[in-house]
Amino acid sequence: MNKDKENIKYKVDGLIKNKGWDLKNNKLTKMYVFENYEEVIHFLNLITEKINEQNHHPLISINYNKLHVQLFTFDSNSLTKKDTDLAVSIDKLYLDFSIL
């Protein structure tokens, strides 16, 4: 395994063990829960800026008060640094959002 893949595996393992992410079908996934639909939309608008800034666009679905995020780099057909970086960014925004 090359150094980049080892580093990604280490970061993915940390996100799974410490940050509530899951690995399903080789995609990083996480469900964020909010009080209501309006909060979900507000949070989605907040993360959209970071998503565009990092030029990495996750699969996102909404079910009333839940926002489900799936990260995967289709160009390389694997998880990459883009995925772990965006996962960390979204988690930080969620933490900041939860404090408001």
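Here are legends for a set of close-up views of this predicted model.

In this predicted model, local features need pLDDT of at least 70 and side-chain atom pairs count only at pLDDT 80 or more, while totals for chains, interfaces and linings use all residues. Residues are numbered from 1 along each chain as its sequence is written, and side-chain values use heavy atoms, with hydrogens and water left out.

**View 1. The whole protein chain, from end to end.**
The chain has 3 helices and 4 strands, and from the N terminus on they run α-β-β-α-β-β-α. Helices (H or I, at least four residues) and strands (E, at least two) are DSSP runs, numbered from the N terminus. The C-alpha atoms fill a box of roughly 45 × 25 × 25 Å along the principal axes. With 100 residues, a compact globule would have a radius of gyration near 13 Å, and the chain's 13 Å agrees; that radius is taken over C-alpha atoms, and the globule rule is 2.2 Å times the number of residues to the power 0.38. Of the contacts with a separation of 6 or more, 65% join residues 24 or more positions apart, where contact means heavy atoms within 4.5 Å.

Buried residues make up 35% of the 100 residues; buried means under 20% relative accessible area, exposed over 50%, partly exposed in between (1.4 Å probe, protein chains only). As for charge, the mean positions of the 14 positive and 14 negative charges are 6 Å apart. Lys and Arg count as positive and Asp and Glu as negative, leaving out His and the chain ends, and each charge is placed at NZ of Lys, CZ of Arg, CG of Asp or CD of Glu.

**View 2. Aromatic rings around W21 and Y32.**
A search of the whole structure turns up 9 aromatic pairs. The W21 and Y32 ring centres are 6.3 Å apart with planes at 80°, so this pair is edge-to-face. For the record, rings of Phe, Tyr and Trp (its six-membered ring) pair if their centres lie within 6.5 Å; planes under 30 degrees apart count as stacked, over 60 as edge-to-face and the rest as tilted. W21 counts as buried at 1% relative accessibility, and Y32 is buried at 1% too. Ring pairs link W21, Y32, F34, F43, Y94 and F97 into a cluster.

**View 3. H68 in strand 4.**
H68 sits in strand 4 (residues 66–71) and is buried, with a relative accessible area of 18%. Leaving aside neighbours within four places in sequence, H68 touches T29, K30, M31, L59, I60 and S61.

**View 4. Two asparagines in loops.**
N55 is in the loop between helix 2 (37–54) and strand 3 (59–63), with phi near 50°, a positive value in a residue other than glycine. N77 lies in the loop between strand 4 and helix 3, and it has a positive phi of about 55° although it is not a glycine. N55 counts as exposed at 53% relative accessibility, and N77 counts as exposed at 57%.

**View 5. L95 in helix 3.**
L95 belongs to helix 3 (residues 81–99) and is exposed, with a relative accessible area of 52%. The C-alpha atoms of L95 and K3 are separated by 31 Å, with the two residues 92 apart along the chain.
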